[in-house]
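This briefing covers strand pairing and domain contact. The structure comes first, then the points by topic.

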Amino acid sequence: MLRRGILRGGALIGLLYCGAAARVAAAVESTLGFNELYAKQSVLGMELSMRVKTLAGHTVRILGYLAPPLKPDVRFFVLTRAPVALCPFCNSDADWPSDIVVVYPRAPLDAATDGLPVAVTGTLELGSKIDAQTGFVSLVRVIDAEFTVVR
Amino acid sequence: MRHHAMRPYVIALVFALFVGDVAAAAIYPIDRAHFLAGSKFDFKVEFDQIVPQGSMRVTINGIDATRAFGKTFQYMENEDGSNASSGLIRDVTITEPGKYLVEASDGVTTQRVIWDVYTTGPRKAKNVILFIGDGMSIANRTAARMLSKGIREGKYYGQLAFDDMPHMALIGTSGVDSIITDSANSMSAYTTGHKSSVNALGVYVSRAKDNLAHPKVETLTELVKRKTKLAVGIVTDAELEDATPAGMFAHTRRRGDKDIIAEQMFLSGADVVMGGGSAYFLPQKTPGSKRKDDNNLVELYRRTGYRVATTDAEMAQAAADASTRKLFGVFHPDNMDGALDRHLLKKGTVDRFPDQPDVADMTRAAIDVLSRNPDGFVLMVEAGLIDKYNHPLDWERSVYDTIMLSNAVQVAKDFAAKRNDTLVIVTPDHTHGVSIVGTVDDAKPGPEMRDKIGVYQEAGFPNYPAPDKDGYPPSVDVSRRLAVFYGNFPDYYETFRPNLDGPRVPAVSKDKVYVANEIYKDQPGAMLRVGNLPRSADTGTHTADDALLTAMGPGSEAFHGFMENVEVFRVMVDALGLGAPARSGARGADRQTQTKRALTSQ
């Protein structure tokens, strides 16, 4: 079972905090699964699902795996459906899956968290975009994001 | 070298002793390069310090290089900001076979290399079909034979399609930079006759910083298109822009330049192109595209007279149409799925892409279309997933794909059997550290899975069911199965049984190193194997073990004993007589101009 990481503190305070956070979260965010991103995947292109399109600009929560970082100073990270077996940034014969989500975190990323399952919460942004710093192309992004390691 | 009548130079052995006496200086093509007369290459000289242009003295068999080639050096005083000078002359040829001594002096020291230029006899083969079993190691062949033909009392009931070819050779796969090669470097050796370096395609890796600025060597596709009217086909079940198919035409220092490689593929003029990897052929605005521009290469293929197929049925229909001369088939955004998943388990991405053709089907369709060219054809077919599954230690999948390669080779043999004009070559590009060590028998006593491994007489024979009509056993998860292990691996959990849920993922990235993937930890009998590779290795890796090549048809008799991978190129160009002078009316240049315009005007 997945359990969100929580702030350290007394058990009672922790439980109260969790309950409050869950109620607030339910009011503002919609949880999206990787399976829900696309209505159709074909050889000549994919089609974003209606649910994803309607959530553009809204706060969403997505569960996925944090891929190894591009460079230590990079401003985004890549969220994948499953743990990445190959590191496309380190191996030129590896490539990203087609259905990645690019996440721009609100606070600088702790580089020591790659490979972990995370829950990302932020604003959903759609459309082809090239990262100015790296040239990395993305279609689905979560911006101004916060993330929590799930265990 | 048409501008000056140079004669081959008889080389005294003593010259070889001087080779390499200046560190960090280089001449490309490199020392001992052995290449085809009349093939194009870029000639580059790198000095280890700044050398004024007036002090550079470069000669070929004693003749000034600019006179010999009839072209001047592009002089780079501080190449790419380095503290060293270089000179480059692009697109030169040597037409006269023989030995050439190349000397480059900065006024103080002299570097020397020796080239050996060969020509060919008259054309012996109308067609050449080159099969690449990517990463196909001896154990892949042996296991494929056991599973698809069966074995009893030490004798097989049959052979793979490439087992009974009359000629064979052991192939050395090492590159300029390393004893261990990758699929870019190794394919480039087969298709240019020049050794290169890991990740490089159709270039020597020089000090240039731009991936596309390194000295180029001519590829088989370019040579065939420039000098003949043969059709060219490129078929793979990996991405079309992946290293092996790219080796047929591409020039870049980094195989990861996939968007550029896709463009180079289109510009190459290859007549039949089939495989996966559509993501790099779609404009960036299309969801699923991995391009960084608006070029729609699928549309370009369509507009320039290619039949476009995205499913098995569309491919068969296009190939059956007698008017089809050009075919672009792309069947998956990434790598296609392998035989075990498509035929048996329905895992991987088979549910999302159920209409992918088999490598054998693609081979048949390619031959149908290409053989309509009265001048003949060159076809490269890659079973790319043998390697893609050897990497994650997923031996069952790599073996089912080896069986698929055998089926594809059978298609070519059936075509060749009707005529005696087709050279068929089947070879790996490199190997993996994989071996069959015995069997795993669930009925053997013992608390641990290793207790159930049978070696020597305890191995006996596996109990896979009889194969179906295509040679695939209908079950891979049997009670007495082959025990196959890899010798070079990251940390991983050995499960001693096939991975029925989808391709294996042995290690995952965590805190910048690769650790054993814990999803296998709780499988009954799973055992942690602590890796013997550096923790940066995400999967098993290539090995320097020789590759086993088999061949049949006109020209194949040249294969024997041990041969360097670059000699495979020589056998192919010799069979096609490509040392002969260019015929007028060859099509390469026209298409380049025409399609470059098309790419930029979109």
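In chain B, strands β8 (residues 98-105) and β9 (residues 110-118) run antiparallel and are joined by 8 bridges. Strands here are DSSP runs of E, at least two residues long, numbered from the N terminus; two of them pair if DSSP finds at least two bridges between them. This is a predicted model, in which local features need pLDDT of at least 70, side-chain atom pairs count only at pLDDT 80 or more, and totals for chains, interfaces and linings use all residues. Residues are numbered from 1 along each chain as its sequence is written, while chains are lettered from A and ligands numbered from 1 in the order in which they are written.

**Sheet in chain B**
- B:Tyr100 has B:Trp115 of β9(B) as its bridge partner.
- An open sheet of 5 strands in chain B has the order β2-β9-β8-β4-β5, with mixed pairing.
- β2 and β5 (63-64) of chain B are the edge strands, each with a single partner strand, so one side of each lacks a neighbour in the sheet.

**Domains of chain B**
- An automatic or database domain assignment divides chain B into domain 1 (13-118) and domain 2 (127-433 + 543-600).
- Their contact (C-beta atoms, placed from the backbone, within 7 Å) takes 21 residues from domain 1 of chain B and 19 residues from domain 2 of chain B.
- On the domain 1 side of chain B that touches domain 2, β3(B) gives the most, with 4 residues.

**Hairpin in chain A**
- Strands β2 (residues 38-42) and β3 (residues 45-48) of chain A run antiparallel, joined by 4 bridges.
- A hairpin connects β2(A) to β3(A) through 2 residues.
- A:Ser42 has A:Gly45 of β3(A) as its bridge partner.

Key
Contact = placed C-beta atoms within 7 Å.
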